[in-house]
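Here is a short report for a reader who is new to this structure. Look at the model first, then read on.

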Protein chains: 2
Amino acid sequence: MRMRNKPWASPFLESMPSTVIQNPKQYASLWKQKLGCTILHVEIGSGKGDYWNTMAHMYPDHGWVAIEKDRNVAATSVKKHINTLLPTMVLINQDAKDISEWFTEGEIDVLHLNFSDPWPKRGHSKRRLSHSDFLKVYLRLLSFTGQVVMKTDNAGLFEFSCEEFSRNGFILAQMSVDFRRTDHPEDAITEYEQRFLDLNQPIYRAIWRKYL
Amino acid sequence: MRMRNKPWASPFLESMPSTVIQNPKQYASLWKQKLGCTILHVEIGSGKGDYWNTMAHMYPDHGWVAIEKDRNVAATSVKKHINTLLPTMVLINQDAKDISEWFTEGEIDVLHLNFSDPWPKRGHSKRRLSHSDFLKVYLRLLSFTGQVVMKTDNAGLFEFSCEEFSRNGFILAQMSVDFRRTDHPEDAITEYEQRFLDLNQPIYRAIWRKYL
């Protein structure tokens, strides 16, 4: 997600040290201790933070780390939810390509990829968050029973991801080609997702586990 | 597929011994020799035989074994295509639950499941052609580089199948949640499939390979 430059973004993010983590490396292996949880969720590409905020309130005893590389988007997401922030919610305003430095092996329980950029051009496939380069890192960071949960409206990205996960040591634990045709009170619907539902477009969703 | 009883079905099927195989066991390990091919396709649930007939003409140097358990449907399919039957096309009018007796280990190159009965009730899941009981048999009958190709209009069956194959030693080589949004001249569109396309409904398709 891109938005116009907000001059207040950097000072605002710096003014929120309990939520916005400036040096995530320092918490490698310590995230659960820091957030007071036994189950650690990480969302890559948290955008406006609706999923992060809603899920953190639905599961208040879990830890929720949002990663959003765009400074303006990250600042907007924290501002939007400033009155509902919990001690279990933190945000990293950096590029997830460095994620392997911020978490240690087996530290993450659930990795969320919500409506990620599909990077539709073949030459850009390495930028997709489900490219095998990322999957190899996820495999290492996920706990023994860890999982990756993906939701997307983009058929091409979903197809690519299903093939890529299958080839890279994951098994498909759950898959839906129209996730919202049945009720799922356990999972938050974001504003962005609601737009597709209003247009009667299917939401694709999959959960992968490590091949044990 | 069910249809009303046709008294002519049995005598007709018996009158076509070069196409309709009465005792498939006798060809176990000999199918490629019998059909004069190096690549053996098997379609389980061939219905009216449109896919069987069209694909056999598109790939005339491959062998095409259709399996249809309903006697009336099987007879109708042979009759429908009686003027275009090839020596590479045979039909088995028996229940595929016995398929492991008809083929030997590694004999099948491509297994086709087209618009199979979804058996939507949970208690009937064992009847689905992608139930793990069947997948274990397919694994054994498929060649080293063999594949299973599934097409369906049924979201529930597709989701079940993707999960079931993933859990049972297959990798997802190709997947599409809307197969006909791009041209696929390599694959026949049947009358049945065309009906869904006319209604603008997606065709789901996947190709699985053995986990090597």
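**Ground rules**

This is a predicted model, in which local features need pLDDT of at least 70 and side-chain atom pairs count only at pLDDT 80 or more, while totals for chains, interfaces and linings use all residues. Residues are numbered from 1 along each chain as its sequence is written, chains are lettered from A and ligands numbered from 1 in the order in which they are written, and side-chain values use heavy atoms, with hydrogens and water left out.

**The chain as a whole**

Chain A holds eight helices and seven strands. Helices (H or I, at least four residues) and strands (E, at least two) are DSSP runs, numbered from the N terminus. The C-alpha atoms of chain A fill a box of roughly 40 × 40 × 35 Å along the principal axes.

How much of chain A counts as buried? The share is 54% of its 212 residues. Buried means under 20% relative accessible area, exposed over 50%, and partly exposed in between (1.4 Å probe, protein chains only). Chain A exposes about 10000 Å², and carbon and sulfur atoms supply 50% of that area. Accessible areas come from the Shrake-Rupley method with a 1.4 Å probe; for residues, only the protein chains shown count as cover.

Contact means heavy atoms within 4.5 Å.

**Two copies**

Chain B superposes on chain A by a rotation of 180° with 0.0 Å of shift along the axis, at an RMSD of 0.0 Å. The two copies are thus related as by a two-fold rotation axis.

**Helix α7 of chain B**

Helix α7(B) covers residues 155-167. Its 13 residues reach 19 Å from first C-alpha to last, close to the 18 Å expected at 1.5 Å a residue. The expected span is 1.5 Å times one less than the number of residues.

Is α7(B) mostly covered or mostly open? It is mostly covered, with 11 of its 13 residues buried. Among them are B:L157, B:F158, B:F160 and B:F165. The cover includes β6 (170-176) of chain A.

At the start of α7(B), a side-chain oxygen of B:N154 reaches to within 3.1 Å of the backbone nitrogen of B:G156. Just after the helix, B:G169 takes a positive phi of about 85°.

**Helix α4**

In chain A, helix α4 runs over residues 71-80, and seven of its 10 residues are buried. Those include A:V73, A:A74 and A:V78. Covering elements include α1 (9-14), α3 (50-58) and β3 (89-92) of chain A. A:D70 caps the N-terminal end of α4(A), with a side-chain oxygen 2.9 Å from the backbone nitrogen of A:N72.

In chain B, B:N72 lies in helix α4. Leaving aside residues up to four places away in sequence, B:N72 touches B:M3, B:R4, B:N5, B:K6 and B:A9.

**Single residues**

The table lists relative accessible areas.

| Residue | Relative accessible area | State |
|---|---|---|
| A:S130 | 1% | buried |
| B:N72 | 7% | buried |
| A:W119 | 23% | partly exposed |
| B:N200 | 72% | exposed |

A:S130 sits in the loop between β4 and α6 of chain A. Its side chain makes a polar contact of 2.7 Å with that of A:S161. A polar contact is a pair of N or O atoms within 3.5 Å; within protein, one must be able to donate a hydrogen and the other to accept it, and residues adjacent in sequence count only if both atoms are side-chain atoms. A:S130 also touches residues including A:L135, A:M150 and A:F160.

A:W119 is in the loop between β4 (108-114) and α6 (132-141) of chain A. Its phi is near 40°, a positive value in a residue other than glycine. B:N200 has a positive phi of about 65° although it is not a glycine. B:N200 is found in the loop between α8 (191-198) and β7 of chain B.

How values were computed:
Copies are superposed by least squares on the C-alpha atoms of residues with pLDDT of at least 70 in both.
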